[in-house]
Amino acid sequence: MAGELGQQTVELGTVARQAAEESYLALRELVEKSRAGAEGEVAQQRSDTEKKIDLLKFIDRTRQRMLRLHVLAKWCQQVPLLHYCQQLASTLSSHETCFIQTGDSLFFMHEGLQQARAPIFDVSSAIEVIHTGSYRRLPKSVEEIGTQNTLFQDERKPTLKKLSTLVRAKLLETLVPKEMSEVSVTDGIANVQVDGEFKVLLTLGYRGHFSLWRILHIELLVGENTGPIKLEETRRYVLGDDIERRMAVADNPLTILYTILHELCISFVMDTVIRQTNVLRQGRWKEAIKSELVSDSHRSAGQGGNNAPTQLGQDGELDSSGFRIPGLKINYWLDERNSGSAESDSSPFIKVEALQDMQIKCQHSSFVLDPLTDKEADLSLDLSCIDVEAIILKAIACNRHTRLLEIQRELKKNTRISRSPTDVVLKRKEVHMDVLQKRVDRRGFENCCTNEVLQVRAYGKSYIHLGINIRSGGFLLQSPKNILPPSAVLDSEEALNKRSITPTEVFVSLKTRSILQLFAATGRFLGVKVYSECQITLKIPKSILYGSDFMVMGFPWRTNAYYLLMQLDDNLMPVFYLLEVHIDGEDRSNIDTTTDAKEVVRFNRIDIGQMQLGEDECIANLLDVEKLQVLQSMEDGSPGHSEIDESLPLKPSFSSVVNAVLGYERDSPSKENWLSYSSPSTHLSSQKVGRQGVSSRAGPPELDDELLHSNIDTAKVASGVTLDSYLLSNSKSANSTETSVSVPAGDHPSKLSAC
Amino acid sequence: VQGVAGGDRPEDPSKQNLAQVTGSIQKTLGLLHQLNLNVSSFSSASQLPLLQRLNALVAELDTMQKLADGCNIQVPMEVVNLIDDGKNPDEFTRDVLNSCIAKNQITKGKTDAFKSLRKHLLEELEEAFPDDAEAYRQIRATSAAGSKRLAQSQSALPNGDAKVKPEH
């Protein structure tokens, strides 16, 4: 600043001189003016005042000038100080220049020092040359030329041995993750394997550092049934490089290795699972399964055939910075409880996901039992052969087993259905049923091949089978045609699937109906007309009805006056009621003219425990005599009546008849035993059953050919004819076989007709 | 300002000259003042003194001029400008001083930095090359002692005591 400040100078003397000069000149001017004024005209003469003023002005100006000059002169006393400061400034500048030069020279000196260093001598090569007279390896700097350096043959073995020792030592000091199942060292190469996931070959010597690992080979062991997944060469190299680099800086290199490769395997596995599920969803299992990706922040659902738009979370994509391997949720049995609500969470599902510890776990939505082990089902994914369909099928089989087991337990509690241990049985059948899914070959998986069904006894050896459809999870009922009409089975199945009734109720109803059907068949065989619902309408008083399942049989040789009502009570024992109905021509007031229903006028319970069988030729009614008399009076009179006689000797009881039939001890061996449970009145349709033929005919002439008895006169019925035990008292006979009465054809020309 | 007795001599004339010029200016100022008084209160009696004074003024101006010839003090233009502007010319002086001080501080900082670098370097050198550093120290000490003696002989105070500059 001093340099800048003091640049332009002016001499003080000059200034003073000029100031003085100017003042003098100004004065002279004044004088001139006044003199000119004086010499000139009088008119131009300046007045005194003016002169004064001029003079004063001059004085003032001069004074100003002088004052300034004075200040300047005073200031000039500081000039030496100023000079000194300027000197200092220049000194400082020179110092600064010196410093700059010093800095520069230091910098260059530093450069020079580098070159002043002693050179690095290749001591190891020198020693080698001294000792052996030649050198095996060129110096390291020559490596950049690019010639390949391999060991000589004789050196190979010991070197490999040394390397193996080194590798082993390093493995001992490194922390090996516990998931690594196999670690072995051969020829300097460490083989590290995790079962079912990957296999890596390692050695030491990453970029010349002998404490760092190098990866020689990576192989993945996860795969599908086509074999393990193949890593491409380039990808393997890139992956290997990256892992090597990370291992070099990590404290636990093997842990890092494991983590990275494990995560890779898990991703592969999940990808495969998702892909397989998608294939299944569009292929065999279309509309039968539904899959959903499960992850932290958001879900994306894909269903059946249509793709719902994926919902994106805040990050926008699945693989964002907070990437977690997504899990998969597979719903099966989609129709279940799908009662109008869009909520699909009620169908069972399998969740396959990678948990926190990066292990893949398959979970089922509910507790299911494995039929083979009777313990909780363990759905595990075999990583080396990933098969999602197998998992699904296993889950379905276990779920089916569990459900059937539950129903079995429920049924067993009910004494109407389960009276012996073999009444309700869970069976595994080798034979596949038509109603279930077509069997697909699966190696070594038994559950698929065996279709489990719950076998519930109807009666005797007839069973009703309850199965579960693999695809839909719905119940399937099946029974032999002769015990139940198919429509009844289908209706029950539908009701069961809609969950409108419980399985217990279904089976009770089906059992009832089957037994009633058996009765009906028997009745038809005996010539009784079985009425189905549409054929007849009867107004039956509700007090005698046990339920809605009952059978009405009529006697065709009577004009619709009497009906036999047959039903089962709460213990599934048959209960018979005789119904009397007024018909046309009789008391019309009893007929409901609005509907066609015939009103039951009288009814009487028939207690078969006390039923007596008529003996000898006479067609005896097996009912109370008293009753018979009552009825008799209502009859038109028929020749059969006369055959009713009270004087029948000891009538054998119903049970004794049966005993005879079945070959048990009889009351009177000579008696012919009749079995008839369809004749309250005089039509004596009796089927003579017995050891001996019955000679006399019985029955009114109007009996038609449908009846057996006319031809059974000479019938010899073998003792193999039996009635089902349920017709007797409480399961006295355990071995019931045939459900219909049959007569050996060889002995008689009887015509069997079933209406 | 270092006042050294012997060194004033060449300056003296200029100083004297300056003093003379200043005196002349002062006289002029005084005369002008009196003239002013005269003129402003002019009466016929004051004609003569007026003329006398005028003459005196002219004479003084002349003196001043003559004196001014011997004056060769250089005055920076800034000062003249300052005076013309009516400001204090000492401001200029002050600015010069301040800039000087600032520069001094800067250079001092650099000096200190170099000193610490030297110290650090010596420490490292001692660690790396102890023998060489020792040799260096000895050389340095010898030369320092020599230069100290030289400095002492040059800067001896009148009473014989040596001026000691703190050695680093």
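**Salt bridges, an interface and a buried strand**

I'll start with B:Lys66, which has a relative accessible area of 55% and so counts as exposed. Before going on, please keep in mind that this is a predicted model.

B:Lys66 meets B:Asp62 side chain to side chain in a salt bridge, at 2.7 Å from N to O. Both residues sit in helix 2 of chain B, four residues apart, about one turn of the helix. B:Asp62 is partly exposed, because its relative accessibility is 35%.

There is another pair of this kind in helix 4 of chain B, where B:Lys108 and B:Asp112 are four residues apart, again about one turn of the helix. Their closest N and O atoms are 3.6 Å apart, and the pair forms a salt bridge. B:Lys108 counts as partly exposed at 44% relative accessibility, and B:Asp112 counts as partly exposed at 35%.

In chain A, take helix 6, residues 153-173, which holds A:Lys170 and A:Glu173, three residues apart and about one turn of the helix. The closest N and O atoms of this salt bridge are 3.8 Å apart.

Over all chains, the count comes to 16 salt bridges. As background, side chains of opposite charge can pair when their charged atoms come close.

Next, chain B as a whole. It has five helices and one strand, in the order α-α-β-α-α-α along the sequence. Chain B has 168 residues, of which 24% count as buried. Taking the contacts in chain B with a separation of 6 or more, 40% are between residues 24 or more positions apart.

One of the buried residues is B:Ser24, with a relative accessible area of 3%. B:Ser24 lies in helix 1 of chain B. Leaving aside residues up to four places away in sequence, B:Ser24 touches B:Glu60, B:Met64 and B:Leu67. With B:Glu60, the B:Ser24 side chain makes a side-chain polar contact at 3.2 Å.

Now the interface. Contacts join 52 residues of chain B to 52 residues of chain A. The two chains bury about 5100 Å² between them, and 76% of that is on carbon and sulfur atoms.

How many salt bridges cross between chain B and chain A? The rule finds three across this interface. One of the cross-chain contacts is a salt bridge between the side chains of B:Asp69 and A:Arg17, at 2.0 Å from N to O. For polar contacts between chain B and chain A, the count is 15 residue pairs.

On the chain B side, the elements giving two or more residues are helix 1 (11-40), helix 2 (47-69), strand 1 (74-76), helix 3 (77-85) and helix 4 (90-128). Helix 4 of chain B gives the most, with 16 residues. By class, that side has 31 nonpolar, 14 polar and seven charged residues.

There is strand pairing between the chains as well. Strand 1 of chain A, residues 9-11, pairs with strand 1 of chain B in the antiparallel sense over three bridges. Within that pairing, A:Thr9 has B:Pro76 as its bridge partner.

Last, strand 21 of chain A. Eight of its eight residues are buried, so the strand is largely enclosed by the rest of the structure. In a regular strand the side chains alternate between the two faces of the sheet. Here A:Pro574, A:Phe576, A:Leu578 and A:Glu580 point one way, and A:Val575, A:Tyr577, A:Leu579 and A:Val581 point the other way.

Strand 21 of chain A pairs with strand 20, residues 562-568, in the antiparallel sense over seven bridges. Five residues lie between the strands of this hairpin, in which A:Leu572 takes a positive phi near 60°.

A:Glu580 is buried at 5% relative accessibility. Its bridge partner is A:Tyr562. The C-alpha atoms of A:Glu580 and A:Ala561 are 5.8 Å apart, though the residues are 19 apart along the chain.

A:Leu572 comes up again with A:Thr512, which touches A:Asp549, A:Leu568 and A:Leu572, not counting residues up to four places away in sequence. A:Thr512 lies in helix 12 of chain A, residues 503-526, and is buried at 7% relative accessibility.

Technical notes:
Residues numbered from 1 in each chain as written. Chains lettered and ligands numbered in written order. Predicted model: local features only at pLDDT ≥ 70, side-chain atom pairs only at ≥ 80, totals over all residues. Heavy atoms only, no water. Buried < 20%, exposed > 50% of the residue type's maximum accessible area, 1.4 Å probe, protein only. Contact = heavy atoms within 4.5 Å. Buried area = accessible area lost by both parts, 1.4 Å probe. Salt bridge = Lys/Arg side-chain N within 4 Å of Asp/Glu carboxyl O. Polar contact = N/O pair within 3.5 Å; in protein donor to acceptor, adjacent residues only side chain to side chain. Nonpolar A, V, L, I, M, F, W, Y, C, P; charged D, E, K, R; others polar. Pairing = 2+ DSSP bridges.
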